[in-house]
Amino acid sequence: MLKPTATATRELVSLDGLWRFAVGTAAGDQPWLGPFDGTLEAAVPASYNDLFVDPAIRDHVGWVWYQRTVRVPRGWAGERILVRVDAATHAGKVYADDRLVAEHSGGYTPFEADITDVVAAGDEFRLTIGVSNELTNTTIPPGTITVTPDGRRQQKYLHDFYNYSGLARSVWLYSVPPVRVSDIAVVTDVDGRTGVIDYTVTTTAPASVRVSLRDAAGDEVAAGPGERGSLRVPQVTLWQPGRAYLYELVVEIHDGDTVLDQYRMPVGVRTVEVRGTQFLINGQPFYFTGFGKHEDTAVRGKGHDNAYLVHDFQLMDWIGANSFRTSHYPYAEEVMDFADRHGIVVIDETAAVGLNLFIEGGIGRGDKRPTFSPETMNDETRNAHAQALRELIARDKNHPSVVMWCVSNEPSSIEEGAREYFAPLVALTRELDPTRPVTYASFMFATPGNDRIADLFDVLGLNRYHGWYMANGDLATAEADLEAELTAWAAAHGKPIIMSEYGADTMPGLHSVWDIPWTEEYQTAFLEMHHRVFDRIEAMVGEHVWNFADFRTSNGIHRVDGNKKGVFTRDRLPKAAAHMLRRRWRQIGSTKPQAPRSRA
Ligand code: BDP
């Protein structure tokens with residue numbers, strides 16, 4: 001799905017700002033039929049939960065409503081007119097005046113409505129968007145709705161981060177020509193010093209297509225006619241981690257000399273490959289350093305914010321991180337574009353987090369129901385998961401920064417039914433994108449002996465908490481356990497391993513000369529212990545600390561004002577461990593560190 005953009009033939013109006021807002025039935029039974037009662041207004045983009053002080057809004061389970069008046073630019077007569085919602089978490093319904101024009105499930109991927117037949121150029125219309133935060137056993141991510149004895153509906157879920165909801169990303173009104181480019185797919189390769197760009201253009205009607213590739217100076221370096229083809233760029237400048245270089249692909253539809261449509265897209269030329277226990281980018285072994293992140297800030301919740309985008313990437317640069325994982329859902333497209341432009345490598349994850357009744361919310365034993373069964377994660381769940389994969393890959397397939405798809409975070413891969421659930425999803429991922437490796441982040445109770453799905457994947461992602469949830473406060477035991485575990489995984493599969501999560505909750509300002517959990521010294525010693533072990537294991541190809549920053553969670557006795565495993569606080573101040581990571585990562589760059597030779 002193409003990102004809306006302004007070109008010679010397309011226009012774009014941002015609908016971000018303040019919208020009228022109402023919760024549940026406060027807006028009436030059919031809120032789209034007229035202006036809401038009440039005076040609430042909500043910011044878009046932002047999660048709505050923390051904007052208000054009313055707990056009834058924060059804890060509401062079900063639909064909320066956003067509304068505003070929109071004027072269609074008068075020059076748009078004869079064009080197709082669309083509304084694009086970058087994200088409605090977790091389900092959305094769009095109404096133009098009284099008419100339902102789009103519905104969508106899945107909280108982190110975009111959808112759009114063609115409203116050409118409902119509105120007119122130059123006129124105003126009422127745009128109403130309903131957003132539901134409900135999670136069930138057939139949504140991705142899954143959850144359960146319970147009712148308290150006094151009749152309150154409560155949303156439970158199997159992940160720890162807070163269930164922020166609303167219009168957390170931008171909403172757009174845009175125009176496109178009737179005959180237009182509806183999709184573009186590029187796959188890049190390198191042949192000696194020549195870059196190869198295979199492209200496929202999809203159009204809404206048979207049309208004469210021409211593509212042109214411009215370098216960063218704007219000079220055409222390759223061109224071709226037709227809906228598909230292969231462009232060759234002699235002396236190509238590659239997209240490299242830390243050294244991004246982007247060409248621009250200009251796709252045009254012509255009728256004689258008239259340009260009917262034009263779309264412009266950045267393209268980075270790079271290759272990705274798994275060979276043995278190595279992860280190669282442009283043929284060079286790549287060692288991932290960085291974080292699992294969250295889209296999470298005070299007040300705006302998961303609302304996209306360009307200031308935090310810039311600042312987070314500045315901090316990743318400061319600390320020497322070369323990569324991150326979009327734990328635990330697809331991030332805003334602005335983030336992916338920024339990673340493309342700044343050479344940050346991304347592992348792109350679906351919102352399939354919490355497919356696990358064996359653990360709940362990270363720790364603690366859950367109930368004994370099976371995770372995969374008709375009553376729990378079933379065929380319908382898998383269909384929703386497949387749809388989430390389709391939409392993720394449709395949206396992000398052209399980003400050079402994305403080097404791997406992550407199908408799920410911490411599924412109960414040890415239970416009966418896990419393989420039947422995951423094998424078709426991995427096959428679907430490979431069919432949709434044969435070029436990128438596929439991974440999953442495995443949970444701490446999975447071992448090479450009991451895990452049923454690891455062999456389906458190219459790279460093993462391990463989320464492990466030796467020294468935190470296990471052997472808490474005992475780093476000597478943790479070190480031995482971690483080394484034994486990594487050695488066993490490496491021996492069992494002969495695949496590259498990324499530590500996709502390791503981290504310790506840390507309260508900034510707590511200090512100790514001993515190994516006392518929650519202190520800044522403990523977080524540092526905990527991470528250093530991991531690094532010693534990683535450097536001794538050949539199959540390790542990366543380390544992603546959990547988490548970049550502290551983040552909001554649902555309530556629970558093991559959470560103090562949220563999850564505190566951040567290397568930065570929620571307002572992005574460094575804890576002591578940040579300085580240690582900075583020394584290590586800036587020194588190693590993207591090259592796997594070698595363990596110092598033993599002093600035998
Ligand atoms: C892991 C989850 C992650 C949690 C983390 C934790 O993947 O989302 O935040 O544990 O408990 O199980 O800190």
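Author: A helix axis here is a line fitted to C-alpha atoms over the stretch in contact, and angles run from 0 to 180 degrees between N-to-C directions. The model is predicted.

Reader: At what angle do α7 and α8 pack?

Author: Helix α7 covers residues 520-534, and α8 covers residues 576-588. Their axes lie 8 Å apart. The packing angle is about 25°.

Reader: Is α7 roughly parallel or roughly antiparallel to α8?

Author: The angle between them is about 25°. Angles under 35 degrees count as roughly parallel, and those over 145 as roughly antiparallel. That makes α7, relative to α8, roughly parallel.

Reader: Which residues of α8 make the contact with α7?

Author: From α7 come Glu-520, Gln-523, Thr-524, Leu-527, Glu-528 and His-531. By class, the contact holds five nonpolar, three polar and three charged residues. On the α8 side stand Ala-576, Ala-577, Met-580, Leu-581 and Arg-584.

Reader: At what angle do the axes of α2 and α8 cross?

Author: Helix α2 spans residues 306-319. Its axis comes within 7 Å of the axis of α8. They cross at roughly 65°.

Reader: Which residues of α2 meet α8?

Author: On the α8 side are Ala-578, His-579, Leu-581, Arg-582, Trp-585 and Arg-586. The contact divides into five nonpolar, one polar and three charged residues. The α2 side brings Asp-317, Trp-318 and Ile-319.

Reader: How much of the ligand does the protein bury?

Author: Oxygen atoms of the ligand lie 2.6 Å from a polar side-chain atom of Glu-410, 2.4 Å from an N or O atom in the side chain of Tyr-469 and 3.0 Å from one in the side chain of Trp-546. Taken alone, the ligand exposes 320 Å². Of that area, the protein buries 96%.

Reader: Which residue does a cis peptide bond join to Ser-327?

Author: Most peptide bonds are trans. Here omega is about -10°. Ser-327 is joined to His-328.

Reader: What is omega of the cis peptide bond that joins Trp-546 and Asn-547?

Author: Trp-546 has a side-chain N or O atom 3.0 Å from a ligand oxygen. Asn-547 is in the loop between β32 (540-546) and α8. For the bond that joins them, omega is about 10°.

Reader: What is phi of Gln-235?

Author: Most residues other than glycine have a negative phi. Gln-235 lies in the loop between β17 (228-233) and β18 (247-255). Its phi is positive, near 50°.

Note on methods:
Residues numbered from 1 in each chain as written. Predicted model: local features only at pLDDT ≥ 70, side-chain atom pairs only at ≥ 80, totals over all residues. Heavy atoms only, no water. Helix = DSSP H or I, 4+ residues; strand = E, 2+ residues; numbered from the N terminus. Parallel < 35°, antiparallel > 145°, perpendicular 65-115°, else oblique. Contact = heavy atoms within 4.5 Å. Nonpolar A, V, L, I, M, F, W, Y, C, P; charged D, E, K, R; others polar. Polar contact = N/O pair within 3.5 Å; in protein donor to acceptor, adjacent residues only side chain to side chain. Areas by Shrake-Rupley, 256 points an atom, 1.4 Å probe, with all protein chains shown as cover.
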